[in-house]
Amino acid sequence: MLHHLELWVPDLQRAEKSFGWLLGALGYAPHQHWENGRSWRLGAFYLVVEQSPALAAGTHERCRPGMNHVAFPVEGRAAVDALVEEAPEHGWRLMFPDRHPFAGGPAHYAAYLENEDGFEAELVAVEAVEPS
């Protein structure tokens, strides 16, 4: 399991709007708040967005070397669909709409969202497993 993930963003307010909504909808709680950053926690893991003064470029490009996207589990297809419906109000757009919700393949129900700064989040439908 990851301890934390830190994303450097060009605009903290936009990142707080998009990631704050998404992470809150996925059950994350606000964790840290400082002048140049915010974080949200779920269990032992937390995700940080920071507008660092040391940022070397003004934009994120997911197709360059480095991290392409972050994938989050979502409890069921209906929850994925509800998030996709609400996403545009919070700075996200649906990627690959012509192949949604199977852009990752016929057995992979997911939504691929991109925020205004080019960060991609994949929302993967996972079904609850019945205890045996």
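Although Phe 96 is not a glycine, its phi is positive, at about 55°. The model described here is predicted.

Pro 101 also belongs to the loop between S6 and strand S7 (110-115). The peptide bond that leads from His 100 into Pro 101 is cis, and its omega is near 5°. As background to both features, most residues other than glycine have a negative phi, and most peptide bonds are trans.

## The four-stranded sheet

An open sheet is built from four strands, ordered S1-S4-S3-S2, with mixed pairing. Strand S1 (4-8) and strand S2 (29-34) are the edge strands; each has a single partner, so one side of each has no neighbour in the sheet. On average, and with direction ignored, neighbouring strands of this sheet are turned by 15° against each other.

S1 runs parallel to strand S4 (residues 45-50), and five bridges join the two. Within this pairing, Glu 6 has Val 48 of S4 as its bridge partner. In general, strands of a sheet pair through backbone hydrogen bonds, either parallel or antiparallel.

## Helix H1 against the sheet

Helix H1 (residues 12-25) packs on the sheet and touches S1, strand S3 (37-42) and S4. Between the direction of H1 and that of S3 the angle is about 10°.

## His 90 and its contacts

Which loop holds His 90? His 90 is placed between helix H2 (77-86) and strand S6 (92-94). Once its neighbours within four places in sequence are set aside, His 90 is in contact with Lys 17, Ser 18 and Trp 21. With Trp 21 there is a polar contact between side chains, at 3.3 Å.

## The cavity

How many cavities of 30 Å³ or more does a search of the whole structure find? The search returns one. The space in the largest cavity is about 40 Å³.

Its lining consists of Leu 7, Phe 19, His 60, Met 67, Asn 68, His 69, Val 70, Phe 119 and Glu 120. By class, five of these lining residues are nonpolar, three are polar and one is charged.

## The largest pocket

The largest pocket has a volume of about 310 Å³. It is lined by 16 residues, and those closest to its centre are Trp 8, Thr 59, His 60, Glu 61 and Phe 119. The lining of the largest pocket divides into ten nonpolar, three polar and three charged residues.

Strand S5 (residues 69-75) supplies the largest share of the lining, five residues.

In the lining of the second largest pocket, ten residues are nonpolar, one is polar and one is charged.

Key: Residues numbered from 1 in each chain as written. Predicted model: local features only at pLDDT ≥ 70, side-chain atom pairs only at ≥ 80, totals over all residues. Heavy atoms only, no water. 1 Å grid on protein atoms, 1.4 Å probe; cavity = no way out; pocket = protein on both sides within 12 Å on 5 of 7 lines; lining within 4 Å. Points joined across faces, edges and corners; volume = space filled by probe spheres on them. Nonpolar A, V, L, I, M, F, W, Y, C, P; charged D, E, K, R; others polar. Pairing = 2+ DSSP bridges. Axes fitted to C-alpha atoms, helices over the stretch in contact; angles between N-to-C directions. Contact = heavy atoms within 4.5 Å. Polar contact = N/O pair within 3.5 Å; in protein donor to acceptor, adjacent residues only side chain to side chain.
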